[in-house]
Amino acid sequence: MNIVLMALDIGGASENGITIMNEAEQIIYKESYLFNSKLGKGQHRRNLSQHIRELCVLYKVQRIIVERVKLFRGNHISKLSNIESLSRLVAGITDATFDICPIYDVEVRTWKSQVLGNISKDKEYSINYVKLMYKIEASEHLADSICIAIYGIRNWSLMDEKKQNISKY
């Protein structure tokens, strides 16, 4: 079976990381999708969702995985505007791709512990991990999307058991 997974790091205000990976953990496609402030957040969501749909068709993506939108950061509740913005982005991507493939989510702590070996590692750690493993100079969001893709490939069969499929809701 030829598995193709897309991983997204959608948490960046100025960019989003996109990685498409196969079952051998080879990167098929990678991109730092930049936010154009002249277009505004709504148009950015529409453009990114359409772009992701086009990539899914082009690369025959079978599954998308994103970081779960966090309600808490440390001991503090995340800003409602951040939660709303990220949730809208995930909803837009889901709407754009629901007829192509399912979307799964994963907690930050989960992918970090399984890929990086430690949940407390900062963004620099994923950048260095990608540099070491793939010889790629990557931004923090692209590096995180690569690590999320690795998690998705390694846990392909477990994601349904863990109830990570958010496209059903």
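**Close-up views of a predicted model**

**View 1. Buried residues of helix α3.** In α3, the residues V108, W111, K112, V115 and L116 are buried. They sit on the same side of α3, because they cover an arc of only 100° around the axis. The cover over these buried residues includes the strands β4 (63–67) and β7 (103–106), together with the helices α4 and α5. The residue that follows α3 is G117, which has a positive phi, near 85°. As in every view here, the coordinates belong to a predicted model.

**View 2. Helix α4 and its buried face.** Helix α4 runs over residues 123–134 and has 12 residues. From its first C-alpha to its last it reaches 16 Å, close to the 16 Å expected at 1.5 Å a residue. Its buried residues are S126, I127, Y129 and V130. Seen down the axis of α4, these fall within an arc of 160°, so they line one face of the helix. Among the elements that cover the buried residues of α4 are α3 (108–116) and α5 (140–154). After α4 comes K135, whose phi is positive, near 60°.

**View 3. The aromatic pair Y29 and Y59.** A search of the whole structure finds 1 aromatic pair. Y29 and Y59 form this pair, with 5.5 Å centre to centre and 45° between the planes, and the pair is tilted. Y29 lies in strand β3 (residues 27–34) and Y59 in helix α1 (residues 40–59), so the pair ties together parts that are 30 residues apart in sequence. Y29 has a relative accessible area of 19% and is therefore buried, the cut-off being under 20%. Y59 is partly exposed, with a relative accessible area of 25%.

**View 4. R63 over the ring of W156.** R63 lies over the face of W156. The distance from the ring centre is 4.0 Å.

**View 5. The whole protein, for orientation.** The protein has 5 helices and 7 strands. Along the sequence, these follow the pattern β-β-β-α-β-β-β-α-β-α-α-α. Of its 169 residues, 45% count as buried. Among contacts with a separation of 6 or more, residues 24 or more positions apart account for 64%. The protein exposes about 9,100 Å², and carbon and sulfur atoms supply 52% of that area.

How values were computed. Residues numbered from 1 in each chain as written. Predicted model: local features only at pLDDT ≥ 70, side-chain atom pairs only at ≥ 80, totals over all residues. Heavy atoms only, no water. Helix = DSSP H or I, 4+ residues; strand = E, 2+ residues; numbered from the N terminus. Expected span 1.5 Å × (residues − 1). Buried < 20%, exposed > 50% of the residue type's maximum accessible area, 1.4 Å probe, protein only. Arc of directions from axis to C-beta. Contact = heavy atoms within 4.5 Å. Areas by Shrake-Rupley, 256 points an atom, 1.4 Å probe, with all protein chains shown as cover. Phe/Tyr/Trp six-rings, centres within 6.5 Å; stacked < 30°, edge-to-face > 60°. Lys NZ or Arg CZ within 6 Å of the ring centre and 35° of its normal.
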